[in-house]
Structure formats: C-alpha cells, structure tokens
Protein chains: 2
Amino acid sequence: MEKGFRQWKEQCLNKLDLSKKGQVDEDISHVVSLLNGCEQYFTTSSCSGRIILIDGAQKHGCVWLFVSHQQCQSDDLMSAVARSSGDAVLKFEPFVLHVQCRRLEDAQLTHSVAINSGFRNSGLTVGKTGKIITAVRSTHGLEVPLSHQGKLLVQQEYISFLTQIANQKMEENLRRIHRFYQNLQSALHADNLPAEPQTHHRSQETKNQTSVYKRRRRRERQPGTDCCHGDGSSIEPELDDCLDLFT
Amino acid sequence: MEKGFRQWKEQCLNKLDLSKKGQVDEDISHVVSLLNGCEQYFTTSSCSGRIILIDGAQKHGCVWLFVSHQQCQSDDLMSAVARSSGDAVLKFEPFVLHVQCRRLEDAQLTHSVAINSGFRNSGLTVGKTGKIITAVRSTHGLEVPLSHQGKLLVQQEYISFLTQIANQKMEENLRRIHRFYQNLQSALHADNLPAEPQTHHRSQETKNQTSVYKRRRRRERQPGTDCCHGDGSSIEPELDDCLDLFT
C-alpha cells in the first residue's frame, strides 16, 4: 500500500499535464508545491479560480468567450458577450484542488484544513482500490445569464456592476487560498513534531483556531439555518467533525 | 462502534427538528424515509432545493425576501425584489442531503450513488470520533445580483427570463433526486443480496450504468477540461473512484 502510493505519485507527477493550459495556475503554485513536497500527498488537478463567460445552447456544445484567472475589466466582458450567438452565462468559479492522500488520516488533515479555511464544500472520496482523495471546494460562486439566442439581456451598467462583484469574489478567493496555505503549513508542521510537544502545541493552537472558526461559522451560517430539515447543530456536520481533528 | 451508531441514530431521529420549517421537504420525504429505514444510515439535514431571494449588506445581517421549494412565478419575485433595501441576490440552491453512515463502506455506497446520479460535488467527512457522513451536493446553481442599495439593477423582462431558468433548474433538480432515489434503491437491493448472485447481478447492472455515466460525463466535462492543471483523466477523480465501487 505504501509502495503503491509512492508509485502512483511518481507516475502522476511524471505524466504530461493534459489540461489546455498545461501548467499549474500561478496563484496556487506554492500550495501545489507544498503538497507535492510531502510524501503523503500529491495533487491530481487544480484551478486557482476564474471568471469565465460561456456561450451555451450552441449547435456544437459550449463556446468559451472569455477566461481570466485574475481580476478583469468590464470592457473585456462587454466585448466577449458581444460575440455570443447562444446563451452566454458569466460565472465565477472559485479555487478547486484535488489531493490524493496516502492514508485516511492524511486526507482528514487536508479536509479539516480546507473546511477551516472557508472551503465548506470540501469532501473526501474513498475508492475501493484504495485511492483516497480530498477535494477542496468552495461555496463561493456567481452564475449570471447575460444573453439569450445571441441577444443581450442586460445593460452595460449591470455588466460593470457584475465585474466589480466578480473581482471582489476573486479577491476573497485569494484570501482563502492564503488562509488554506497558512493553515496547511501549521497542520503539517504540528503533524511532524515529536509526540509530546506536538500534543501541547496542537491543543494550544487549536483553542484559538476553534474559537475563530466558530465565530466565523456562526456569522456565515445564519441564512442557511432559516429553512429545511436539520437538527440545527449538525446542519454543517463537516465543520464539527473537522474541528475534532485538532482537539 | 455498532452499538454507538444505533444510539446516535436513535438520539438524532428522536430529537426535535430545529430548522425553521421543522420538517423534511415534501419532495424528498421518500428519500429520507428510505435511508432512515436502513439500519446503516440516518439523515442529519436536508433540503429538496429552493429558489431564494436574499437581501444582503443590511445593517442587521441578511433578510430573506422570498423562498420557494417549488417552481415560482416571476410576479412573486418582482414584488419580493421591490422590498429590497440592500443588495438582493437571486439564488437557486439545489438538493442537499447529509447522511450519517455506520461504516466507511456504507458511505462509499451512498457517495457513489450520489455521483452517478449527477450530484458531482458530493463527498465524505470522516471525523476522529468515528462519525462518517456523506454529503450529497450538486454543481447546479444560479446566483444573480438583482439590486444594489435597494435600487433595481435589471429590467422586468430579465427577471421573467431568470424565473424560467430557475424553474428549469428546479425541474432538472427533481429529475436528479428521482435518479438518486432509484439508484439508491438498486444499490441497497444489490447490497442485500446473497454473495454469489449479488456479484453477478451487480456486474450486469454496472456495465449499463457505467457506459451511460461515462457518456454523460464526457459530454458534461468538455468545458471543464479546457483549462487549469490536471492530468485530464483525473480532473474529476470522484467519478472514476466511485465507478470502481460497482466494478
């Protein structure tokens, strides 16, 4: 199993990057390097976050009218949407990362770091062949129809407003990536300390982290708890579970 | 551990439903009943899917201007957005379900059913205390800013168009819930068959399922693979892993 993981990792990291871009996005190369530098992890796919304009409902599938991994200008979006001949939709897609992990405990660590850094849609996949993957995902999105059958549905001022919103989301996304990177460094560091000091170090660190996360969570959760079946305490079961990992 | 799970389940199902609605949404009561009727599962929270209008950036947090768990009328949205005094955002939030599972294998089964039914953002959480939860989540969303500081940003025709889109998403959401229910029934049935026939039954069923899923996946994945780091084959590692469960 240990040997199997090392081989998997070697094969994956030596393979050609088959994505169109062919390389890791600049804003997350440090995160990818940190993980790939640990023997218990390797990344299988990633995107730092992007603002995209897709022209759907086309004869031959979708057409990409615009992609940016950085903040963008409203003029760029205007000229892109002008090329739409179908149903154009503007999306902000946040940071996403898939990390293959050696053991379940390793996956629990990355998962807990992800949740605690604000990536609340993160989760594990455990395959029957022993493949264990943490998917880091955010709830942070934007999905706005802009044209129908090539006809613009909104005014230029609205597109300027959307550009601001998308850029703000991009900024917040970068802040969360930074938080993820820092929390990951701390967690990996704690994980590598010798048994005794480690316990102490962790529980100290955790008290602060936990209270910060609980505060943030309480604030963010308010709308979500207003509706639908749940026992209140466990409407976001991931977070409670993941905090367990630090205690 | 087995005893622990039974106690957890009993406590959870006997607890008051602390959500505002206080009960399970009508469109998913059969799904929740099916799971709670199995000794290896119980649901901890759920929402069948909803169209919501939230007024954000308010002095005292968010205000809910509109919520519907069914298809809605554009007039209802128009009159709701007219009450906005902050930044109103229209969202479609798809089906979400949290299922606590007795063992990891039980969680793998619900997770694989979820992925194969189109809920591609699903994932597991494994807590240190032994809590194992499958979160069933979709990628299917809509998030459209409609007002800023109480001022409407779009025209009435655009809100009518959005209502259509949201209602279509609600319909597709119901289809996926139905698919999830049917796949869950088959998987639970296969899981309960005696060892020999079970293997045969499963592998027969799987061949059809797998090819259908692969086709669907290929079609849906196209835009996603156009960009960002990945080895192509594993940009959506969950699906591959989950199909493993059936083979």
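Start with chain A, coloured by secondary structure: seven helices and eight strands. Keep in mind that this is a predicted model. Chain A has 247 residues, and 57% of them are buried. Its accessible surface comes to about 11,200 Å², with 49% belonging to carbon and sulfur atoms. Now consider the contacts within chain A between residues at least 6 apart in sequence. Of these, 70% join residues at least 24 apart.

**Stop 1: the aromatic rings**

Select A:Phe119 and A:Phe180. A pair of aromatic rings is described by the distance of the centres and the angle of the planes. How are the rings of A:Phe119 and A:Phe180 arranged? They are edge-to-face, 6.1 Å centre to centre, with 85° between the planes. A:Phe119 sits in the loop between α4 (104-116) and β4 (123-126) of chain A, while A:Phe180 belongs to helix α5 (residues 156-192), so the pair ties together parts 61 residues apart in sequence. Both A:Phe119 and A:Phe180 are buried. Over all chains, the count comes to nine aromatic pairs.

**Stop 2: the nonpolar cores**

In soluble globular proteins, nonpolar side chains tend to be buried together. Which residues have the most contacts inside the largest nonpolar core? They are A:Leu97, A:Phe180, B:Leu97 and B:Phe180, in a core of 50 residues. Show what surrounds A:Leu97. Leaving aside residues up to four places away in sequence, A:Leu97 touches a list of residues including A:Val31, A:Val32, A:Leu35, A:Val136 and A:Phe180. A:Thr43, A:Ser45, A:Ser46 and A:Thr134 are also among the residues it touches.

Next, select A:Ile51, A:Ala88, B:Leu146 and B:Phe161. These belong to a second, separate core, which has 46 residues.

**Stop 3: strand β6 of chain A**

Move to residues 142-145 of chain A, strand β6. Show the side chains. A:Leu142 and A:Val144 point one way, A:Glu143 and A:Pro145 the other. Are these residues buried or exposed? All of them are buried. Look for A:Leu90, which stands opposite A:Val144.

**Stop 4**

**Stop 5: salt bridges within a chain**

The structure holds 20 salt bridges over all chains. Select B:Arg50 and B:Glu93, whose side chains meet at 2.8 Å, N to O. This pair links distant parts of chain B: B:Arg50 is in strand β1 (residues 41-58) and B:Glu93 in strand β3 (residues 87-101), 43 residues apart. B:Arg50 is buried, with a relative accessible area of 6%. B:Glu93, at 24%, counts as partly exposed.

Move on to B:Arg103 and B:Glu105. In this salt bridge the closest N and O atoms are 3.6 Å apart. B:Arg103 is partly exposed at 34%, and B:Glu105 is partly exposed at 44%.

Then return to chain A. Select A:Glu39, A:Arg102, A:Arg103, A:Glu105 and A:Asp106. These five are linked in a network of salt bridges.

**Stop 6: A:His148**

Finish at A:His148, in strand β7 (residues 147-148) of chain A. It is partly exposed, with a relative accessible area of 30%. Which residues does A:His148 touch, not counting residues up to four places away in sequence? They are A:Gly86, A:Asp87, A:Leu153 and B:Phe161. B:Phe161 was also in the second core at Stop 2. Last, select A:Ala57. A:His148 and A:Ala57 are 91 residues apart in sequence, yet 9.1 Å apart in space, C-alpha to C-alpha.

How values were computed. Residues numbered from 1 in each chain as written. Chains lettered and ligands numbered in written order. Predicted model: local features only at pLDDT ≥ 70, side-chain atom pairs only at ≥ 80, totals over all residues. Heavy atoms only, no water. Helix = DSSP H or I, 4+ residues; strand = E, 2+ residues; numbered from the N terminus. Buried < 20%, exposed > 50% of the residue type's maximum accessible area, 1.4 Å probe, protein only. Contact = heavy atoms within 4.5 Å. Areas by Shrake-Rupley, 256 points an atom, 1.4 Å probe, with all protein chains shown as cover. Phe/Tyr/Trp six-rings, centres within 6.5 Å; stacked < 30°, edge-to-face > 60°. Salt bridge = Lys/Arg side-chain N within 4 Å of Asp/Glu carboxyl O. Pairing = 2+ DSSP bridges. Core = buried A, V, L, I, M, F, W, Y, C linked by side-chain atoms within 4.5 Å.
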